[in-house]
Amino acid sequence: MTVEDVRAFNRFYTGVIGALDYERHLYAPYTLTEARVLYELAHAPHLDAADLRGGLGLDAGYLSRILNRFEEGGLIARGPSESDPRRRRITLTAHGRATAALLEERAQDTVGALLDGVAPADRPRLAEAMRTIRDILGTRKPPEEKATAQKPAEEVVLREPRPGELGWIVQRNGALYAAEFGWNAEYEGLVARIVADYAEDHDPHLERVWIAELAGRPVGCVMCVRDDTPGTARLRLLLVEPGARGHGIGDRLVRAVIDFARDAGYRELVLWTNDVLTGARRLYQRHGFVLTAERPHRSFGHDMVGQDWRLELHDRGD
């Protein structure tokens, strides 16, 4: 990705949402920045100028002029802060709340009209792409906050799923593979059946699920379940969120399955994947899996080549 790639996307997106026309239509008679200040005041009623300046990254003088205009227009009232007498609390008046509500209604109508032009089948991909951008760019920190030799990076924790997280596995698999590969709901249905079978009946000594957690939230998962062949375990539903890639999470999840399967006494570990999942296939190869079979098939709305991979855990004489 280059700087021009990002700038080209910005030019495209501002055109799509009409950002260049905000002052003449969507937020008239207010500027985009003024409308954003009104939005923040409407959704967080206990703000002062310092909160707004820090949250929006605005110049103090520029924000002061905006607030003076709002006060003159009867949109805001200023009073002493309850928590810090040195600060002035800013609240919307009844006129200010009505104005913010009108701008919010215009924005809702505009975005609603934009989504009306998006095919229902494409909406999960669009939502996931937006979430990916926010996850990646939203985790950036100022240079002084970045990890240094004295400040280690956040630790990845592998743990058992908490209540509700088996459902998270289904939801994230469905959304992520729709966004990255265009797979339809057939795949989500398959994942739901796999997870339901595990939840309803599994032997904790022979089967297990791992959730990878980073910064307090789940960012990956994998399962180890019994295969129909005696002495064989199956690795299933390996997933790492796009914003969490690069931390070695996939390696750790695969290694956890291998170690568990070996300790449980399985002779071999197998998995099924598809040729389009190049990153996962490289990961399996690094851990010693060997490709044993390939078959073309049509699933999840696409023509693909399914692949069977196998890892021998113990010698046959053991």
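F300 is buried, with a relative accessible area of 4%; buried means under 20%, exposed over 50%, and partly exposed is in between, with a 1.4 Å probe and protein chains only. Keep that residue in mind.

First, the ground rules. This is a predicted model, where local features need pLDDT of at least 70 and side-chain atom pairs count only at pLDDT 80 or more, while totals for chains, interfaces and linings use all residues. Residues are numbered from 1 along each chain as its sequence is written, and side-chain values use heavy atoms, with hydrogens and water left out.

Back to F300. Its phi is near 60 degrees, a positive value in a residue other than glycine. Most residues other than glycine have a negative phi. F300 sits in the loop between β9 and β10. Helices (H or I, at least four residues) and strands (E, at least two) are DSSP runs, numbered from the N terminus.

There is a second case. A215 also has a positive phi, near 55 degrees, and is not a glycine. Its place is the loop between β5 and β6. Is A215 buried or exposed? A215 is exposed, at 52% relative accessible area.

Now the sheet. It is open, has 7 strands, and runs in the order β4-β5-β6-β7-β8-β10-β9. The pairing is mixed; two strands pair if DSSP finds at least two bridges between them. From one strand to the next, the twist averages 20 degrees.

Two pairings to look at. Strands β5 (residues 208–214) and β6 (residues 217–226) are antiparallel over 7 bridges. There, L214 stands opposite R217 in β6. β7 and β8 pair in the parallel sense over 3 bridges, with T232 opposite E268 in β8. Strand β8 (residues 268–274) has 6 of its 7 residues buried, so it is largely enclosed by the rest of the structure.

Next, what packs on the sheet. Helix α7 lies across β4, β5, β6, β7 (232–240) and β10 (302–312), at about 65 degrees to β7. Helix α8 touches β5, β6, β7 and β9, and its direction makes about 125 degrees with that of β7. For angles, axes are lines fitted to C-alpha atoms, for helices over the stretch in contact, and values run from 0 to 180 degrees between N-to-C directions. Contact means heavy atoms within 4.5 Å.

Those two helices also meet each other. The axes of α7 (residues 165–181) and α8 (residues 185–200) come within 9 Å and cross at roughly 165 degrees. They are therefore roughly antiparallel; the cut-offs are under 35 degrees for roughly parallel, over 145 for roughly antiparallel, 65 to 115 for roughly perpendicular, and oblique for the rest. From α7, the contact residues include L166, I169 and Y177; from α8, they include Y187, V191 and A199. By class, this contact has 9 nonpolar, 2 polar and 1 charged. Nonpolar means Ala, Val, Leu, Ile, Met, Phe, Trp, Tyr, Cys and Pro; charged means Asp, Glu, Lys and Arg; the others, Gly among them, are polar.

Last, another helix pair. Helix α2 (residues 32–43) and helix α4 (residues 60–72) pack at about 70 degrees, axes 11 Å apart. That makes α2 roughly perpendicular to α4. T33, E34, V37 and L38 in α2 meet Y62, L63, I66, L67, R69 and F70 in α4. The classes here are 7 nonpolar, 1 polar and 2 charged.
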